[in-house]
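Could you walk me through this structure, chain by chain and contact by contact?

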Amino acid sequence: MNTESKPFVILLAEDEPADAHLLEIALNENRILANLHRVADGREVLEFLRRQGPRFADSPRPDLILLDLNMPCMDGRECLAELKKDEALRDIPAVILTTSEVERDIVASYRLGAAGYITKPVDILQFVTAIRMLGDYWINLVRLPQRPG
Amino acid sequence: MKLNTIPPGQRSAFYRYVRMTAALFVILAIAFAVYAWSEKQIDRANDLRLQSHLLVDELRQSSDALTRMARTYVVTGDPVYKTYYQTILDIRDGKQPRPQGYQNIYWDFVANGQAPKPGGGPAIALLELMRRAGFTEQEFRQLAQAKADSDALTATEFEAMRRAEATGPEAEASHALARRMLHDGQYHQAKAAIMQPIYEFNELMGKRTLDVVRVAKAKALILGSLFVALGLSLIVMVWRMNNALCATLGGSVDEVRAHLARIGSADFSSAIRVADGRENSILGWLAKTQANLHQIDRERKQAEAERAHTSAELDRQALAIARSNADLQRFAEVTAHHLQEPVRRMASYAERLSAQLAGRIDEAEAQLSLDYIGQQARRMKHLLGDVERYLAADQPRGNIGQADANQAVAGMLAKLSDRIAATGATVTVGDLPPAWIDTPRLDDLFSVVLDNALLYGIVDNRRGRDGVALRIGIDGERRGEQVRYRVSDNGPGIKAEYRERAFRVFERLTSGDGGTGIGLAIVRRIAESCGGRAWIEETPGGGCRVLFELHAEKNH
């Protein structure tokens, strides 16, 4: 359930601008009013959440994290493992959003504590549908813990 | 395997017999010496006996000879007989030396006209000789009596000889008296009186010396028997020693020697047969040793066969792996090549569409999508190109030889001069030793590493770390059989935990830099295919330093 005062905050970890743009398109198409922030790799995810450095000094705490698996430097798996080790961050749901359909990646992600695993469809319409269902579930259906500030 | 060994301190029966035999031999030698000595004692007793007889005989002979010379002188009046008479007396009393062969027949030959032989032995009185001969007191007294009687008779004989020399009117009567004095019963009586003690002495002495001889003989017999007994014992001991030796060896010496010779020439095939109950002998232990060696030999041969088999299997597998690798390589090459085609077309058409619609697209979103299509197609083309470069990196392109690294770096710097100028970087190059590799791949190595330094050495605004201008240093050194090259920058560097990952295919440590993440993977593949290696260190003072080693010369 969404609260009126605070907009839903999504943190997207994606190194490829073209893919990030696709998510923006899908959110717009579905008229999902979400506050989307993008970082380029796993290391930046942690910096964003911990508000490290001048770039992330004022970053909000996201309601949902969308993680790409293949990123430079710290990839999605390492980032997920770090998140779930951190007491302050482990309750933020992280959903994997990736091109990989390899079974091994799926199993590993859930083991590491992923809240879901979505493969990016090649068809843009299918992708838009997938993001709409994602929005319905996480923004409208699920009740998430209340956040201070 | 446990061998039944003789406990220390306890010698085998063989040694005991050797010691006993040696002792027995010493005893036997002593017994023989004593026996020989006892035999000599018999001879000495016999000698004494003979000597005694000769001495007595001399006394009797001299008495008879005196009688004969006196009578002959009285009858013939020839003075030579009187001289002989005196000589006999002188020799007997030790006043003249004894002539040679005096104890044999002597005066009969001299009386017959033969010249008296000159004196041989020392002048010793007969009584003195008798005293030295070791006669008993009783025996000596008998002989001394006989001698005294004989001396007493000489008075009669001298009187007779004096009368025979008488001249004048009474001469004839005196001569007759002299002849009567030496032939009458009184004379014969005196003569018998001399012979009586000699007779008794002979009895006494004969009995005594015979006893001595008999005792000596008895002793010699006992000692001889003892010697023979000891000799027999020695034979028995040698025989037992031989038995003990055979028991210790477990067979004859020849047998053991033959087996040892066979084992010595590494022939373990024929088993050694040991008689029952002889297992605890040298031959028995030799049999066990031989069996063990045979077993070890068999196992060794088996292991060798297995190793040969394993080696062949490994060769076969290596061949299979090499074939499989070659297949995979070919597959990857074909795949990359075939993917290039549609990607190239995609890029071409996206560009054409952009050109055709230039200025006619109102919606920014549509223009963005079109840009992304072109951009992604070009990216795909780059990725596939990198895959092809990576696949080809382990194969030489041209002749492998001593490649000039100075020339390779100079060429690369010329090619990159625009970018170097754009980044404002300063590049310093040391003297670089040559490497054993084909020139194109040496160019590739420096190309990738220099490209990386220019790309990642700067952080933003063409400046390096902390706003300092980018500096790139290239140097190299010979290290044993290897030559090591170092390309160092003063950029932000790579954290230690990410340095290995930088060598993975398509691994990128930063985003949005235009790299595909294959460069260092290619560097490592080239270096390793040439027997070298590649890794990353930190430049002293900060920055990234890429190092790679190659063989310096052919012989490796």
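What follows is a tour of the model, from one chain to the interface and then into the other chain.

Please keep in mind from the start that this is a predicted model. Let us begin with chain A, which has five helices and five strands. If you trace chain A from the N terminus, its elements come in the order β-α-β-α-β-α-β-α-β-α. Of the 149 residues in chain A, 50% are buried. Its contacts also reach along the sequence: when we take the pairs at least 6 apart in sequence, 65% of these contacts join residues at least 24 apart.

Now turn to the place where the two chains meet. Here, 13 residues of chain A are in contact with twelve residues of chain B. The size of an interface is often given as the accessible area lost when the parts come together. For chain B and chain A this buried area is about 1,100 Å², with carbon and sulfur atoms giving 47% of it. Two salt bridges are counted between the chains. You can find a salt bridge between the side chains of R379(B) and E16(A), at 3.9 Å from N to O. Polar contacts can be listed too: four residue pairs, both partners at pLDDT 80 or more, are found across the interface of chain B and chain A.

Next, a stop at the strands of chain B. Strand β5(B), residues 482-489, is mostly covered, with seven of its eight residues buried. On one hand, β5(B) pairs with strand β4(B), residues 471-479, in the antiparallel sense over eight bridges. To see this pairing at the level of residues, look at G473(B), whose bridge partner in β5(B) is S488(B). The two strands β4(B) and β5(B) form a hairpin with two residues between them, and in the turn G480(B) has a positive phi of about 65°. On the other hand, β5(B) also pairs with strand β7(B), residues 544-551, again in the antiparallel sense, here over seven bridges. In this second pairing, R484(B) has E549(B) of β7(B) as its bridge partner.

H259(B) sits in helix α8(B), which covers residues 253-264. Is H259(B) buried or exposed? H259(B) counts as buried because its relative accessibility is 12%, and the cut-off for buried is under 20%. Leaving aside residues up to four places away in sequence, H259(B) touches I272(B), L283(B) and L286(B).

Start with E304(B) and R300(B), which form a salt bridge with their closest N and O atoms 3.2 Å apart. These two residues are four apart in helix α9(B), residues 282-356, so about one helical turn separates them. E304(B) counts as partly exposed at 39% relative accessibility, and R300(B) counts as partly exposed at 42%.

Another salt bridge joins the side chains of R378(B) and E351(B), at 3.9 Å from N to O. R378(B) lies in helix α10(B), residues 364-392, and E351(B) lies in helix α9(B), so the pair ties together parts that are 27 residues apart in sequence. R378(B) is partly exposed at 40% relative accessibility, and E351(B) is partly exposed at 47%.

A further example is the salt bridge between E538(B) and R499(B), whose closest N and O atoms are 3.9 Å apart. Why does this pair tie together parts that are 39 residues apart in sequence? It does so because E538(B) lies in strand β6(B), residues 533-538, while R499(B) lies in the loop between β5 and α14 (519-529) of chain B. As for cover, E538(B) counts as partly exposed at 48% relative accessibility, whereas R499(B) is buried, with a relative accessible area of 18%.

In chain B, a network of salt bridges links R92(B), D93(B), K147(B) and D151(B).

Terms used. Residues are numbered from 1 along each chain as its sequence is written. Chains are lettered from A and ligands numbered from 1 in the order in which they are written. This is a predicted model: local features need pLDDT of at least 70, side-chain atom pairs count only at pLDDT 80 or more; totals for chains, interfaces and linings use all residues. Side-chain values use heavy atoms; hydrogens and water are left out. Buried means under 20% relative accessible area, exposed over 50%, partly exposed in between (1.4 Å probe, protein chains only). Two strands pair if DSSP finds at least two bridges between them. Contact means heavy atoms within 4.5 Å. Buried area is the accessible area (1.4 Å probe) that two parts lose on being put together, summed over both. A salt bridge is a side-chain nitrogen of Lys or Arg within 4 Å of a carboxyl oxygen of Asp or Glu. A polar contact is a pair of N or O atoms within 3.5 Å; within protein, one must be able to donate a hydrogen and the other to accept it, and residues adjacent in sequence count only if both atoms are side-chain atoms.
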